[in-house]
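The sequence and structure come first.

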Amino acid sequence: QVQLRESGGGSVQAGGSLRLSCATSGSTYVNLCMGWFRQAPGKEREAVTRVAIDHGAVYYDDSVKGRFTAYRDFMKKTLDLQMNNLKSEDSAVYYCAAGPFGGSWSECISGEFEFVDWGQGTQVTVSS
């Protein structure tokens, strides 16, 4: 099992930026897939980005393309999320997730991949 620790949430005005960080500890996976998810009040949790840490393949949700960038460190097994031009609809609790994938990185970035480890979450609030 991989332990995840998120940091970097906070409050910002629309158009501003925040950077979230996710650090791993404990055991690790040979093929590590990490991602950021978010959940706003009254809404389902949604994937923001998924990254095959060693390979570098990445998926972004359409709502964040061009504004959010995932930065991975395959040596440290960390995943940061740089969020620019934030909008009020980006307000949510953001969760880091991790899990092992099989042979192909495409499994990691597919919408059907199931993450097994989750962080506690960090609040992001964007005021308009």
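## First disulfide

Cys 22 has a relative accessibility of 1% and therefore counts as buried; buried means under 20% relative accessible area, exposed over 50%, and partly exposed in between, with a 1.4 Å probe and protein chains only. The model is predicted: local features need pLDDT of at least 70, side-chain atom pairs count only at pLDDT 80 or more, and totals for chains, interfaces and linings use all residues. Residues are numbered from 1 along each chain as its sequence is written, and side-chain values use heavy atoms, with hydrogens and water left out.

Cys 22 is joined to Cys 96 by a disulfide, S to S 2.0 Å (a disulfide is a pair of cysteine sulfur atoms within 2.5 Å). Cys 22 belongs to strand 3 (residues 18-26) and Cys 96 to strand 9 (residues 92-100), so the pair ties together parts that are 74 residues apart in sequence. Strands (E, at least two residues) and helices (H or I, at least four) are DSSP runs, numbered from the N terminus. The torsion about this S-S bond, between Cys 22 and Cys 96, is about -85°, so the disulfide is left-handed. Cys 96 is buried because its relative accessible area is 0%.

The whole structure holds two disulfides. The other one links Cys 33 and Cys 108, with an S to S distance of 2.0 Å. Cys 33 sits in strand 4 (residues 32-39) and Cys 108 in helix 1 (residues 105-109), so this bond connects parts that are 75 residues apart in sequence. The link of Cys 33 and Cys 108 is right-handed, with 75° about the S-S bond. Both Cys 33 and Cys 108 are buried.

With the bonded cysteines numbered in sequence order, the pairing is 1-3, 2-4.

## Lys 77

Lys 77 is in the loop between strand 7 (68-73) and strand 8 (78-83). Its relative accessibility is 17%, so Lys 77 counts as buried. The side chains of Lys 77 and Asp 54 form a polar contact of 2.9 Å. A polar contact is a pair of N or O atoms within 3.5 Å; within protein, one must be able to donate a hydrogen and the other to accept it, and residues adjacent in sequence count only if both atoms are side-chain atoms.

Leaving aside residues up to four places away in sequence, Lys 77 touches several residues, including Cys 22, Leu 32 and Met 34; contact means heavy atoms within 4.5 Å.

## Gln 82

Gln 82 is part of strand 8. Gln 82 is buried because its relative accessible area is 17%. A polar contact of 2.8 Å connects the side chains of Gln 82 and Asn 84. Residues up to four places away in sequence aside, Gln 82 touches Ser 17, Leu 18, Arg 19, Arg 67, Phe 68, Thr 69 and Tyr 71.
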